[in-house]
Amino acid sequence: MFLVKILNPTWGALAATLALASCGGSSANQYADTVFRNGYVLTMNDSQPTSQAVAVKNGKIIYVGNDGGVNNFVGSSTKVMDLGGKLMLPGFIDAHVHSLAGGRALTLCDMQYAPLHITEMVAKLQSCLNASASQEPDSWLEAVNWDRQATSGLDGRDPNLSDLASLTGSRPIAITSSDFHAVLANSRALSLAGISAATADPAGGRYLRDGSGNPTGIAEDSASFIVKAAIPPDSDAYLLRQGRAALQAFRQQGVTSFMDAASDAIHAKTFRTLQQAGELTARANLTFVMSPEEAKTSIPASVAAAKAFLAANDQGTAITKPGINARIVKLFNDGVVNAPADAAKVFTPYYTFNGMAWVPGTNVGSTYFDQDTVLKPLLVALSEAQLDVHIHATGEGTVQETLNAIENLRTLRPSADFRPAIAHDETVAVADYPRFALLNVIPTMSFQWAQRASYSVGETENHLGPDRFSRMEPFGSLHNAGARIAYGSDWPIDPYDIMLALKIGVTRSGDPLNPNSPASRDTRFVGPINADPALSRIEVLKAITINAAYQLRLEKLVGSIEVGKFADLIVLEKNFLAVPDDELGRNQVLLTMVGGKVVMALGTFANNTIESFASAIDAIQRPVASFFGA
């Protein structure tokens with residue numbers, strides 16, 4: 001259970017007095033552009049947890065208080081919006097998402113995250129080939145949202161080249177797993193990528209092989225990047241289509257700021273073009289992905305390259321109108337702990353089936369950055385370059401090595417202004433829980449992974465073993481140990497459904513009535529994943545607002561509803577604090593405002609928006625909305 005302080009009516013009068021003083025008394029300058037009243041405003045500001053009304057002027061919040069006080073800000077041209085008692089929150093901040101990949105996935109052959117037998121998967125691919133027959137013989141067929149864990153679990157093996165050989169046509173085919181850590185390619189695709197039995201595994205990845213050493217068609221992690229590098233680059237027009245689709249998804253989900261967790265020059269150009277066209281409706285935060293090979297070859301050169309890219313694409317201190325910031329270096333330090341990959345580093349071996357029982361095997365996974373020779377000096381160099389770092393780590397061994405490198409930095413540079421985040425943290429040693437708070441490391445968690453699903457129970461559960469599985473997705477334990485939890489969706493790893501993810505953060509279980517939850521498709525996935533602690537409703541909301549803002553160094557501008565901050569605001573259909581646990585994931589955003597501008601509105605709010613949206617954006621709303629079941 002949780003407590004929220006009762007609204008104190010004196011706050012409204014005090015805020016009104018302060019705001020009037022700052023506006024020079026009772027002149028017309030005090031009047032707001034927009035006033036929201038008659039609501040339940042959850043501010044995420046501990047000194048004023050709730051209010052009834054908010055006033056906005058020039059893209060910023062100028063009043064937070066009660067309905068009586070807000071009347072002082074209503075002039076003849078003020079737009080007054082009655083919240084009807086609904087819950088208003090700061091705009092959601094997605095602190096780990098793959099924006100263009102998400103938008104792109106909406107346009108490709110969709111495996112729909114479904115548990116498919118290999119024969120069903122092949123039939124779906126054939127259907128996509130038939131529907132695009134005009135693209136024979138050379139255009140690539142790309143398929144996405146393939147649940148590899150479910151496929152291998154149903155059939156006892158991965159699909160391979162022989163399965164794909166039954167497809168008609170001669171097009172190269174690449175199927176990306178929903179976790180984005182594996183690609184299944186057909187023979188034509190492997191040939192175009194120059195991959196054969198003689199091809200060595202790259203650092204940070206591998207090609208699965210048969211008994212004779214020939215590729216089976218599965219490429220994992222950096223090996224999958226080599227396969228996909230053979231796909232011709234997307235046109236600028238197609239990239240803009242992807243960006244628009246992603247921004248539409250953000251508006252629908254109430255996301256007003258996001259961090260793209262694997263950016264490059266294409267992302268920068270695409271969002272800059274959309275910004276110049278007036279179509280950027282969320283604050284974009286870009287990262288620079290540094291490869292293990294680059295860092296191993298030369299830390300100074302790799303840091304210089306990162307600094308140059310980020311400096312060229314960072315627009316400086318954020319303003320009310322959405323812009324682009326670029327200040328974070330992204331490191332992939334391992335693969336995944338999920339079966340069948342079993343790639344992330346753990347302390348004791350993954351389990352294997354010996355024909356009678358699951359017993360420890362010999363595989364303990366691996367990390368991609370050597371802790372002592374690369375990761376430790378690299379973090380010191382990044383800190384000296386005044387760059388933050390966001391590190392992918394899913395295995396308990398990888399998490400510990402990453403914490404060790406951060407501890408080394410804190411010891412050598414105790415006063416360094418450095419905000420490291422470790423993304424995912426799917427398995428963490430109990431002894432390492434308190435180190436996150438001690439070292440001021442942000443665990444960026446994807447709450448939806450704490451539901452029962454093909455990627456968590458079944459084969460992954462067996463491979464991890466009972467102890468590790470009992471600690472899987474430890475965001476509650478990390479919070480209880482003092483860590484500042486931030487939320488990142490990792491979309492398009494899963495369907496983009498933030499309310500479902502927040503529900504799972506509170507209950508650690510899916511929703512049988514939400515089609516985006518595996519629990520709606522299979523009774524094996526109903527119920528909690530394990531007994532690790534959950535978060536309170538307030539804490540999951542902090543993770544996606546003020547804590548995520550802190551990760552992005554935006555906490556003085558967004559993440560809470562306070563006078564002087566940007567008017568990034570959302571309104572929910574149902575009160576997240578009041579509905580039963582089971583219904584938490586069945587909610588929707590009714591209004592999204594970014595920098596004082598309404599960019600999405602539904603129902604009665606659609607008739608009260610400040611200005612209509614550009615037709616170029618509206619044109620994509622219907623097809624993108626269909627992806628979310630609208």
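A residue counts as buried when its relative accessible area is under 20%. By that cut-off, 10 of the 10 residues of helix α19 are buried, so the helix is largely enclosed by the rest of the structure. The model is predicted. An open sheet of 8 strands runs through the chain with parallel pairing. A search of the whole structure finds 10 aromatic pairs, and the disulfide count is 1. The structure also holds 1 cavity of 30 Å³ or more.

**Helix α19**

- Helix α19 covers residues 498–507.
- Its buried residues are Ile498, Met499, Leu500, Ala501, Leu502, Lys503, Ile504, Gly505, Val506 and Thr507.
- Lys503 is on that buried list, as are Gly505 and Thr507.

**The open sheet**

- The strand order is β8-β15-β16-β17-β20-β21-β22-β23.
- β8 (92–97) and β23 stand at the edges with a single partner strand each, so one side of each has no neighbour in the sheet.
- β17 and β20 (residues 388–393) pair in the parallel sense over 5 bridges.
- Within that pairing, Ile328 has Asp388 of β20 as its bridge partner.

**The cavity**

- The largest cavity has a volume of about 60 Å³.
- Its lining consists of Asn285, Leu286, Asn325, Ala326, Arg327, Ile328, Asp388, Leu552 and Arg553.
- β16 (283–289) and β17 (324–332) each supply at least two lining residues.
- β17 gives the most, with 4 residues.
- The bridge partners Ile328 and Asp388 are both among the lining residues.

**Aromatic pairs**

- Two rings are described by the distance of their centres and the angle of their planes.
- Tyr63 and Phe73 form a tilted pair, 5.1 Å centre to centre with 35° between the planes.
- Tyr63 lies in strand β5 (residues 60–65) and Phe73 in the loop between α2 (67–70) and β6 (79–82), so the pair ties together parts that are 10 residues apart in sequence.
- Tyr63 has 0% relative accessibility and therefore counts as buried.
- Phe73 is likewise at 0% relative accessibility, so this residue counts as buried.
- Phe447 and Tyr487 have ring centres 5.2 Å apart and planes at 40°, so this pair is tilted.
- Phe447 sits in the loop between β22 (442–445) and α16 (459–464), while Tyr487 belongs to strand β23 (residues 486–487), 40 residues away.
- Both Phe447 and Tyr487 are buried.
- Elsewhere, ring pairs link Phe250, Phe258, Phe271, Trp491 and Tyr496 into a cluster.

**A charge over a ring**

- The charged end of Arg419 sits over the ring of Tyr550, 3.8 Å from the ring centre.

**The disulfide**

- A disulfide is a covalent bond between the sulfur atoms of two cysteines.
- Here Cys109 is joined to Cys128, with an S to S distance of 2.1 Å.
- The link is right-handed, with 80° about the S-S bond.
- Cys109 lies in strand β9 (residues 109–110) and Cys128 in helix α4 (residues 118–131), so the bond ties together parts that are 19 residues apart in sequence.
- Cys109 and Cys128 are both buried.

- Strands of a sheet pair through backbone hydrogen bonds, either parallel or antiparallel.
- β13 (residues 205–209) and β14 (residues 215–221) pair in the antiparallel sense over 4 bridges.
- Arg206 has Glu220 of β14 as its bridge partner.
- The hairpin has 5 residues between the strands, and Gly213 takes a positive phi near 90°.

- Ala101 is found in helix α3 (residues 99–105).
- At 24% relative accessibility, Ala101 counts as partly exposed.
- The C-alpha atoms of Ala101 and Asp210 are separated by 31 Å, and the two residues are 109 apart along the chain.

Note on methods:
Residues numbered from 1 in each chain as written. Predicted model: local features only at pLDDT ≥ 70, side-chain atom pairs only at ≥ 80, totals over all residues. Heavy atoms only, no water. Phe/Tyr/Trp six-rings, centres within 6.5 Å; stacked < 30°, edge-to-face > 60°. Buried < 20%, exposed > 50% of the residue type's maximum accessible area, 1.4 Å probe, protein only. Lys NZ or Arg CZ within 6 Å of the ring centre and 35° of its normal. Pairing = 2+ DSSP bridges. Disulfide = S-S within 2.5 Å. 1 Å grid on protein atoms, 1.4 Å probe; cavity = no way out; pocket = protein on both sides within 12 Å on 5 of 7 lines; lining within 4 Å. Points joined across faces, edges and corners; volume = space filled by probe spheres on them.
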